[in-house]
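Thanks, everyone. Please look at the model on the screen, and we will go through its charged pairs and then a surface patch.

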Amino acid sequence: MNEGNIDWILGLACLLVGMGIGALGYHLMNANARRNRQAQQKLKDTERELNQVRETLNGHFSQTADLVAQLQRTGQELQQQFAADAERLCNDEQVKRRLRPQDETAEREEESSLHIPRDYAESARGTLSENYGIRRGPAEEDPQPPRY
């Protein structure tokens with residue numbers, strides 16, 4: 001064989017090997033890209049489902065809150081009607097007191113137990129006084145500086 005033919009054969013073999021390595025690299029990188037696209041699509045689908053569930057829950061809680069408010073109003077109206085009928089028809093004072101609306105009795109209890117916060121001490125030795133925690137004995141009234 002001729003030396004020129006060996007160069008051509010070696011060049012052609014290197015070209016084929018390079019094309020094979022390039023094709024393999026492209027295939028591996030393309031597989032990762034495909035997996036990434038699939039993962040992104042799955043993530044988008046999951047986010048869409050989560051948003052749908054949130055919207056459904058928001059509607060459910062809104063409807064439930066409206067129903068609870070309506071139930072509370074109906075219960076208060078029923079209690080007021082029952083108390084009014086008891087005031088009109090019942091002679092027993094203890095029954096009337098029990099049937100009065102809870103708001104009135106709670107307000108009376110809160111008024112009696114409510115104390116306004118103060119920013120001063122009860123006495124001169126309270127926790128908010130200026131000399132709280134300072135102990136002064138009979139000999140410590142006015143300490144004198146040492147004389148030289």
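**Salt bridges and a patch**

R88 forms a salt bridge with D85, and their closest N and O atoms are 2.7 Å apart. By salt bridge I mean a side-chain nitrogen of Lys or Arg within 4 Å of a carboxyl oxygen of Asp or Glu. Before I go on: this is a predicted model, where local features need pLDDT of at least 70, side-chain atom pairs count only at pLDDT 80 or more, and totals for chains, interfaces and linings use all residues. Residues are numbered from 1 along each chain as its sequence is written, and side-chain values use heavy atoms, with hydrogens and water left out.

Back to the pair. R88 and D85 both sit in helix 1, three residues apart, about one turn of the helix. Helices here are DSSP runs of H or I, at least four residues, numbered from the N terminus. R88 is exposed, at 60% relative accessible area. D85 is partly exposed, at 23%. The cut-offs: buried is under 20% relative accessible area, exposed is over 50%, partly exposed is in between, with a 1.4 Å probe and protein chains only.

How many salt bridges does this rule give? The count is two. R48 also pairs with D45, with the closest N and O atoms 3.1 Å apart. These residues are three apart in helix 1, so about one helical turn separates R48 and D45. R48 is partly exposed at 45%. D45 is partly exposed at 26%.

Now the patch. L12, L15, L16 and M19 make a nonpolar surface patch of about 420 Å². Patch residues have over 30% relative accessible area and no salt bridge; nonpolar side chains are joined within 5 Å, like charges within 9 Å. Areas come from the Shrake-Rupley method with a 1.4 Å probe; for residues, only the protein chains shown count as cover. L16 lies in helix 1, residues 3-89. L16 counts as exposed, because its relative accessibility is 54%.

How values were computed:
Helix = DSSP H or I, 4+ residues; strand = E, 2+ residues; numbered from the N terminus.
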